[in-house]
Every structure is written in structure tokens, then in C-alpha cells.
Amino acid sequence: MQEQSGDDDSPGEDDNPAHLAEAVFRDLVCRASYRNIMNVLSPVLVHLDNHNLWVPNDFAVRVFKIIMFSVQSQHAYVAVLKLLDHLDAHTKADPRIKTCIVSVLYEVILISAGNSTGPSVLEVFNKLLRHLRISIDKKSTDENQRQEEIKFEEAVVNTIGEFANNLPDYQKIEVMMFILGKFPHFTTDDEIGKLDKQLAVNLLKTLLKVATKYKTVSLSQAFPPEFLHPLLRISCIDDPGMRTIVQKILHTLLDRNGNASKLQNITIPKDIASLHLSLATNPRQELLFMKKSGMQLYSHILENLQLESNHIENFESIYCTMCLICLEVGQDEVLIELIRLALDIQQMAMNSSTLPMTHVCAIHSLVAAFLNFIAQTTSVSSLCPYVQQVVEVREKEAPHLLPDFAFNHSNWSDNSSMGELEVRDEWVFQQETIAECLRNCGIDVTRLSTPFTAQLIANTDDTGDGDLSVSEMGSVNIEFEHNVDSSPKTARKTEEITVDSLKRML
């Protein structure tokens, strides 16, 4: 088979040694049971090693395709495990060999879609992530060699994504939490500073790859607290590239109607229909998710916008996240919170004395674009004339506070210059006027007058007593009551939430 592997056009007569060998090989693999499938796979791998057939890996791919199409479906995952073991044996090998082994593994996973992936799913991800970490920890100083290592790391990320694609959705969430668990548990700024940037970027790329394979039905299922809270902490790392990847992960999981790709640029269209958005009905049950986790989302958006290392891409990705929240959970209660958030972002930009002028202009432009988006996509259509009025004033007197200027890359050539930017009252959105517009739509605006930033500080302040925020307390109570009710024989009772009670509950 090896000697004539490149002669694909040769006739398939019975006396052709290559075709005869392939037929025998297929029959052998087909007859192999679980007890002796290893006796077929091991000699194949030894042959590929002894004859240096991994680079290039055309023959290796062909052989394993024969194996995967011939083996009994319930034993297909054994080939995956065997290739992983073989990769372990080549940990110190040339990165080109490791890349080719992973490429074969990728092809095997493509064929095994729908078949058993084995009982040890997390072990597969653990091994691949371990090789990713080893490659980064022992990265070569030689530039050419490092390029080969990067190819290997990219191959591992793609393979993890394809493997996750074969799993049911509930396991994809487990895998994403497992990958997130590979990040250090940050407790101090010093620990964040010690994070290997290359490893973190690759872990986030892996997380994004798995997230793209997940189909969100319920936000509560897509964002369990054990997953959302660490992800939001990583979103505040002082690296703009990593923050952008985190926002893309949020986009992938928030977006159930294919709108994220249409919200990549910050614009203020007079008719939002030009974006061709899919405005689906928002399920009421998502309000529970926002009551439990909305405050964390809002606080991290505010914190992200205040970072001086932001680039245009960071503002654009945060804008997309805000718009997706509006589209996916656009109930009146959430709209009030989002408008409060927009007003607080505007106030933060006006009060800041440290942000570069480019950032201040970008934040004001983002707020205008977001309020225009809310006005045209939700039930608060009476807000449209006021937003357009402020935008028109800016067009005449302050074009630097609009997206065309603020997000022009040529204006960001030197964003280190500091200085005060004059912002007149008629250029900004006034809370009283917005409140009046909302009242005209029959919306309760009582909460609009409550300082949003002050509430965030109160909820997230570390008192040292282990106090929980309002949303976290709600989360614990809801989960506790649900678990009590789930047992028909257990009477409902009130119990103090302690570590011991949580252990008993688990």
C-alpha cells in the first residue's frame, strides 16, 4: 500500500498487490473486536514511525481513513485514544511531526462524527490542552522553529473544536468550563501579571472554537455562574487582544439569531432596517438570567470601557455585546437597565481625567449609537426623535463625538495624548428628556433616576465578610429552593446558607 500510495489511477485488478493489500487490511479491521483492535492499530503506528511517514502525512491520513471507514462504529473512538497516546510518546519530537499526527487525529474525528467518542471525553481535551501548554512553555527561540510550533498549536485548537462539535450541547458547556479551569484562579493583580500571554490567548481561542459549536437555546444554560463569572474576570485582563476574544465568546453564546456579524461596526443608521437584523420575540424566561447575572455583565462592560489600553476593536466588540443583550433579552425591565448603563457610561466619560481624548470621543459615539439602536429595535420608539436631535446637533457642532470620526483608525495614530475635551450639555443625552420619552411609552422610569454606578459599587464592594451582591444572593436562593422542591418527600424549609448546607445540598 505504501509503495503504490501515490498511484491512485492504477487499475483495481485482483492481482494488483496494493489493491489486494488494501482489501485484506479493510477486512482485517472490519473483523477486529474491542479486545484486539489495538493489535491492528499498534503495528500501523510503528510502521509510520519506522518509515518516517508522518511528514508529509498523506499516507498516514489515507491509512487511518481506511481504518475509520472499516472499523466497527462502537470501536471508532479507540483510534482517537491511540493517536493521543502516540502523540504523548512524541512530546519531544519535531513540531512538524506532532502537527501531522494532530492533523491525522483531526481527520479521524471528522469521520467519527456521530459515533461513540468514548467514556473519557474530558481526558481527550485534557491531553490536547496539555500538549498546547507544553508547546508554549518550551517554545523555541529559533524563529523558524517557533513558526512550526505555532502551526502545531493552531492544529490542536482546531482539533479540539472539531472534537467538541461531536458532543451533545450539555457536554460542550462542561468542556468550556473545563478549558476555563486551566486559567489561574486570580486572587491578586500579581497573579494576573504572571499569566503567560501566549498560553492564555491559545486557551481563549480554544474556548471560542468550542463556543462556535454550541447552539444556545437558553442563556441560563449557556452561562452557568461557574462559567460566566470567571469569563468576565478574564475580560478585564490588561491585554486588548485577549479582551476582544472574550467579547467574541460572549457574542457567540448570546447570539441566537445570527445578528452578531451585522453589529461589528459602530454606526448610527437613520433606519435600522438597513442592517437586516433578525428581530425575534424575546422569551420571558430569560429575565431570570438577567436578574441573576445582569449586574455582573453591566459592571464588566463599565470596567472594560475605562481601560486605557482599549483599541477600536475593543469598543466595537463591547458595543456588539450590548446590542446582543438588547436583542436577546429586550424586555422593558432590561431596557431600563441598559439605558441606565448607557447614561452611566456617558457620565463616566465626562468625569474621567485620565482617558485619552480618542477614548472619550469613542465612548460618547458608542453611547449615541447604542441609544439609537435601542430606540429603533425595541418598544421605546418615542426615543428616536430625541436621539436624532442630539445626533444632528453633533453633526453640526461636534462631529468628533460621532462614529465616523471617533472610530477612524487614522485618528488613533497617537492616542496617548491627554487633555480635556469640551462637552456641552446640548451634545449629550439628558436623563430627564429620556425619562419623559419612556413615560410616553408607558414604561416605569423610577429606576432610571437611581445612580447605576453607585449600585454596582455597593453590590461588588469587598467587605471581607463574604457579602454577596443582590444578584448573587438571588442566585443562591433560587437554586436552593429549586433543589428543595425537586424532592417530593422533603418539606420546604428555610435554612441559613452556609458551606455545610451547600455540601448537604450537593
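Predicted model: local features only at pLDDT ≥ 70, side-chain atom pairs only at ≥ 80, totals over all residues.

Residues are numbered from 1 along each chain as its sequence is written, and side-chain values use heavy atoms, with hydrogens and water left out.

**Aromatic rings**

- Rings of Phe, Tyr and Trp (its six-membered ring) pair if their centres lie within 6.5 Å, and planes under 30 degrees apart count as stacked, over 60 as edge-to-face and the rest as tilted; by this rule there are five aromatic pairs.
- The ring centres of Phe223 and Phe227 are 6.5 Å apart and their planes stand at 25 degrees, so this pair is stacked.
- Both Phe223 and Phe227 are buried (under 20% relative accessible area, with a 1.4 Å probe and protein chains only), and ring pairs link Phe223, Phe227 and Phe289 into a cluster.
- Phe315 and Phe407 form an edge-to-face pair, with 6.3 Å from centre to centre and 65 degrees between the planes, and both Phe315 and Phe407 are buried.

**Helix packing**

- Helix α8 (residues 169-180) and helix α10 (residues 197-212) pack at an angle of about 175 degrees with their axes 10 Å apart, where helices are DSSP runs (H or I, at least four residues) numbered from the N terminus, and axes are lines fitted to C-alpha atoms over the stretch in contact, with angles from 0 to 180 degrees between N-to-C directions.
- That makes α8 roughly antiparallel to α10 (an angle over 145 degrees).

Terms used: Buried < 20%, exposed > 50% of the residue type's maximum accessible area, 1.4 Å probe, protein only. Helix = DSSP H or I, 4+ residues; strand = E, 2+ residues; numbered from the N terminus. Parallel < 35°, antiparallel > 145°, perpendicular 65-115°, else oblique.
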